[in-house]
Amino acid sequence: MALDCYIDDLFYERASKVEGKPYKEFVFDDEKLLRIFPEDTDEEMLKWHWDEEDREVYPLHKTDWEFQFDNELPQQINSKLEIPKGVFHRLIKGTGELRVIVYKQK
Ligand SMILES: [Zn+2]
């Protein structure tokens, strides 16, 4: 699936803090959401975890934040990431904030 949405500043403004999570989020629908990890994200909050469904994650800008699967080296986030359900992974904090679109494959 291609990144088919234009993300207006409006959506960034409407993104809101998610209780107990390091990010802000704007939910478009069941399958698509905008997620923003702020510049002051506490790295302790970027835990290894796995998700309940396959996901595709698209960066919305150039970034030095990184992504890592269990037992793999960290990778740059410069194009689509495919994250299979049940597979451990984490984000590694970089410079500035990180803005991504997450597609949940249901
Ligand atoms: Zn995840």
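Strand E3 (residues 32-37) pairs with E9 in the antiparallel sense over 6 bridges, where two strands are taken to pair if DSSP finds at least two bridges between them. Strands here are DSSP runs of E of at least two residues, helices are runs of H or I of at least four, and both are numbered from the N terminus. The model is a predicted one, in which local features need pLDDT of at least 70 and side-chain atom pairs count only at pLDDT 80 or more, whereas totals for chains, interfaces and linings use all residues. Residues are numbered from 1 along each chain as its sequence is written.

| Residue | Bridge partner | Strand of the partner |
|---|---|---|
| Phe 37 | Leu 98 | E9 |
| Arg 55 | Lys 104 | E9 |
| Phe 67 | Gln 75 | E6 |

Strand E9 (residues 98-105) is mostly covered, as 6 of its 8 residues are buried; a residue is called buried if 20 or more other C-beta atoms lie within 10 Å of its own, exposed if 12 or fewer do, and partly exposed in between, with C-beta atoms placed from the backbone. The largest nonpolar core has 12 residues in all, including Tyr 23, Leu 34, Trp 65, Ile 77 and Val 100; such a core is a set of buried Ala, Val, Leu, Ile, Met, Phe, Trp, Tyr and Cys residues joined through C-beta atoms within 7 Å. The elements that give two or more residues to this core are E3 and E9, and E9 gives the most, with 5 residues. Leaving aside neighbours within four places in sequence, the core residue Ile 77 is in contact with Pro 59, Thr 63, Trp 65, Glu 66 and Phe 67, contact meaning that the C-beta atoms, placed from the backbone, lie within 7 Å.

Ile 92, which lies in strand E8, counts as partly exposed because it has 14 C-beta neighbours inside 10 Å. Not counting residues up to four places away in sequence, Ile 92 touches Leu 46, Trp 65, Glu 66, Gln 68 and Pro 74. Of these, Leu 46 is 46 residues from Ile 92 in sequence, with a C-alpha to C-alpha separation of 7.1 Å in space.

Taken as a whole, the protein chain has 1 helix and 9 strands, which run α-β-β-β-β-β-β-β-β-β from the N terminus on. Its radius of gyration is 13 Å, close to the 13 Å that the globule rule gives for 106 residues, so the chain is as compact as a globular protein of that length; the radius is taken over C-alpha atoms, and the rule is 2.2 Å times the number of residues to the power 0.38. Along its principal axes the C-alpha trace spans about 40 × 30 × 25 Å. Of the 106 residues, 14% count as buried.

Methods
Two residues are in contact if their C-beta atoms, placed from the backbone, lie within 7 Å.
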